[in-house]
Amino acid sequence: MEHPENSEEYKGLQVNSGVVSQPVINPYRKSQRLKVPELSVNDYVEGILKGDVSILGRAVTLVESTAPRHQEIAQEVIEKCLPYSGNSRRIGITGVPGAGKSTSIDVFGLHVLRNGGKLAVLAIDPSSERSKGSILGDKTRMEKLSQEKDAFIRPSPSAGSLGGVARKTRETIVLCEAAGYDNIFVETVGVGQSETAVHSMVDFFLLIQLAGTGDELQGIKRGIMEMADGIVINKCDGDNVERAKLAASQFRNALFLFPPSASKWKPEVITYSGYYNQGIDVVWDMIDRYFAYVKKTGYFEKKRNEQAKFWMVETIDEQLRKHFYGIPEVRALMQQKEIRVLNNEQSSFTAAKDVLDCYFQKLKEQ
């Protein structure tokens, strides 16, 4: 195709043909990809119990997979690892974006490792609503911790389904505990719906707050404050010290307005600086006191049992929903009913009843 620049009016210009496009694929690359050997259920279990990080990572990938065959293997692995789980301290960490969650986890984790523990960090990474992709870059913000051999950091995409990723995170906790990690950090997406899901799988819920951001009123609202077992004000350094102390005082006053928690533990408010590594031991002493308190009162085991029952019911709900929408006739009828409801030809309640009747009829036919 001739370039318009080659016409007479542009005769003073010259267009070069350019270089020949190079092949996209490396010609020296082997035509056949190296296949990773498949592992049996026993291979996974043995590797996990030995603390093999590579096999643990592959097992978590199976848990996160939506393929039925992978899910079947993953559930068998989880069942066999279950007797070796439950021996860790599960700590949920949440806070508004920019509060310093990743930086705090970095220094908290190093504190755990210095005291002879092993740490697994499970970070729920938000997924794009458009592309459905996630950055999964939490390791880059935990520079020191990611280099430690006794630390396992695993980001997981939320993929738009908090319930799904929460269930997978809980199953990943079981695998990490079986691999010998006695401290589990679960980092949430940020203040929002994910906190409820994470709160239902951890023993201690830590809320990271900031001072001087105009968020004090938001911070003392019910919901996230009622779930917190400890509140820490980050970035208490430099000229922000006084503001951090003032914010801590405001949060302490706000806590008096809330009814006592089920554990009867009174949440503490502490200031610290994750960036400058100041006050980390004070925060961790609070967490130690909490675990000593709930184990003494018996609340620790009670909460673990309630969480196990909660996730059994959640799993049943999820499977029922998947089975319901998995029947083609039900999906087709739903589309028809949606049109009738939008056109005001049928009420939402009778339309739902018709769809459910169709579902139950299909169950009888199976």
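## The chain as a whole

A residue is called buried when its relative accessible area is under 20%. In this predicted model, buried residues make up 42% of the 366 residues in the protein chain. The secondary structure comes to 13 helices and 7 strands.

Take the contacts in the protein chain with a separation of 6 or more: 74% of them join residues 24 or more positions apart.

In soluble globular proteins, nonpolar side chains tend to be buried together. Here the largest nonpolar core has 52 residues. Which of its members touch the most others? They are I48, L56, V77, L175, M225 and I233. A second, separate core holds 34 residues, including M142, L145, F291 and V294.

L56 gives a view of contacts in detail. Set aside its neighbours within four places in sequence, and L56 is in contact with I48, F152, L175, C176, A179 and Y181. I48 and L175 are also on the list of residues that touch the most other members of the largest core.

## Helix α10

Helix α10 covers residues 280-297, which makes 18 residues. From its first C-alpha to its last it reaches 26 Å, close to the 26 Å expected at 1.5 Å a residue.

Which residues of α10 are buried? They are I280, V283, W284, M286, I287, Y290, F291 and V294. These residues lie on the same side of α10, because they cover an arc of only 150° around the axis. The general rule behind such a pattern is simple: an α-helix has 3.6 residues a turn, so residues three or four places apart point the same way. The face turned away from the buried side of α10 carries A292 and K296, which are exposed. After the helix comes G298, with a positive phi near 90°.

Most residues other than glycine have a negative phi. K235 is not a glycine, yet its phi is positive, about 60°. K235 sits in the loop between β6 (230-233) and α9. Is K235 buried or partly exposed? K235 is partly exposed, with a relative accessible area of 37%.

N277 is another such case. Its phi is positive at about 55°, although N277 is not a glycine. N277 is found in the loop between β7 (268-271) and α10. Its relative accessible area is 42%, so N277 counts as partly exposed.

## The second largest pocket

Rolling a probe the size of a water molecule over the atoms shows where empty space is left. The second largest pocket has a volume of about 670 Å³. It is lined by 27 residues, and the closest to its centre are P259, P260, S261, W265 and P267.

Which element gives the most? It is α11, with 5 residues.

K264 lies in the loop between α9 and β7. K264 counts as exposed, because its relative accessibility is 56% and the cut-off for exposed is over 50%. K264 and Y299 are 35 residues apart along the chain, and their C-alpha atoms are separated by 9.2 Å.

Methods. Residues numbered from 1 in each chain as written. Predicted model: local features only at pLDDT ≥ 70, side-chain atom pairs only at ≥ 80, totals over all residues. Heavy atoms only, no water. Helix = DSSP H or I, 4+ residues; strand = E, 2+ residues; numbered from the N terminus. Expected span 1.5 Å × (residues − 1). Buried < 20%, exposed > 50% of the residue type's maximum accessible area, 1.4 Å probe, protein only. Arc of directions from axis to C-beta. Core = buried A, V, L, I, M, F, W, Y, C linked by side-chain atoms within 4.5 Å. Contact = heavy atoms within 4.5 Å. 1 Å grid on protein atoms, 1.4 Å probe; cavity = no way out; pocket = protein on both sides within 12 Å on 5 of 7 lines; lining within 4 Å. Points joined across faces, edges and corners; volume = space filled by probe spheres on them.
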